[in-house]
Amino acid sequence: MTSPEVEQASEPLVADIEQQLSALFRRARSASMMMARRVHPDMDAAGYALISQVEFMGGAGVGVRASDVAQSLGLDKSTVSRGITQLESLGLLERVGDPDDGRARLLKLTELGAERFGALRAQRQLQFRALLTRWNPEDLADLGRLLGRLNGDLS
């Protein structure tokens, strides 16, 4: 097939993918808001994204720099700073000294933040497992591989 033929054949496939991703993104936004409220009634979806990224990047309570969180989320540092301030005021996040650089501060979840986020994450994983038990292992492997590829292409 020539390039125009490939493009023409791909057009309905791309349209279907766009439609399915739009539906997934809508559901994800709604779920993020709901999960944020479960962690803390005053937390919004943006706060949930921040706390999730701090937990993911800071693993084992080591902590992570705010600039690294901003970069990984594709957000401006000032936006992340405002979110961090909100999470600190809710008692979910704290700034601690960086053992490798006395001038720097690292973000980490407080005990309360880790407890609430951990409980929600465990519940969410149970729900995913229950949903995905109906899928065969090959489909799960394909989904993981293709989502990884898509996320890589989007970054």
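In this predicted model, helix 3 and helix 4 cross with right-handed geometry. Helix 3 contributes Ala66, Ser67, Val69 and Ala70 to the contact, and helix 4 contributes Lys77, Val80 and Ile84. By residue type, the contact of helix 3 with helix 4 comprises five nonpolar, one polar and one charged.

Helix 1 (residues 3-39) has a bend of about 40 degrees at Glu11, and Pro12 follows within four residues. Ala23, Met35, Ala36 and Val39 of helix 1 are buried. Helix 2 (45-58) and helix 5 (111-132) are included in what covers the buried residues of helix 1.

The whole structure contains six salt bridges.

| Pair | N to O distance |
|---|---|
| Arg65 and Asp98 | 3.1 Å |
| Asp101 and Arg65 | 3.8 Å |
| Asp142 and Arg145 | 3.6 Å |

Arg65 sits in the loop between helix 2 and helix 3, and its partner Asp98 lies in strand 1 (residues 93-98), 33 residues apart. Asp101 belongs to strand 2 (residues 101-109) and is 36 residues apart from Arg65. Arg65 counts as partly exposed because its relative accessibility is 33%. Asp98, at 9% relative accessibility, counts as buried, and Asp101 is buried with a relative accessible area of 19%. Through shared partners, salt bridges join Arg65, Asp98, Asp101 and Arg103 into one network.

Asp142 and Arg145 are three residues apart in helix 6 (residues 137-154), so about one helical turn separates them. Asp142 is partly exposed, with a relative accessible area of 35%.

Terms used
Residues numbered from 1 in each chain as written. Predicted model: local features only at pLDDT ≥ 70, side-chain atom pairs only at ≥ 80, totals over all residues. Heavy atoms only, no water. Left-handed = near helix turned anticlockwise from the far one by under 90°. Helix = DSSP H or I, 4+ residues; strand = E, 2+ residues; numbered from the N terminus. Contact = heavy atoms within 4.5 Å. Nonpolar A, V, L, I, M, F, W, Y, C, P; charged D, E, K, R; others polar. Bend = angle between axes of the 7 residues up to and from the residue. Buried < 20%, exposed > 50% of the residue type's maximum accessible area, 1.4 Å probe, protein only. Salt bridge = Lys/Arg side-chain N within 4 Å of Asp/Glu carboxyl O.
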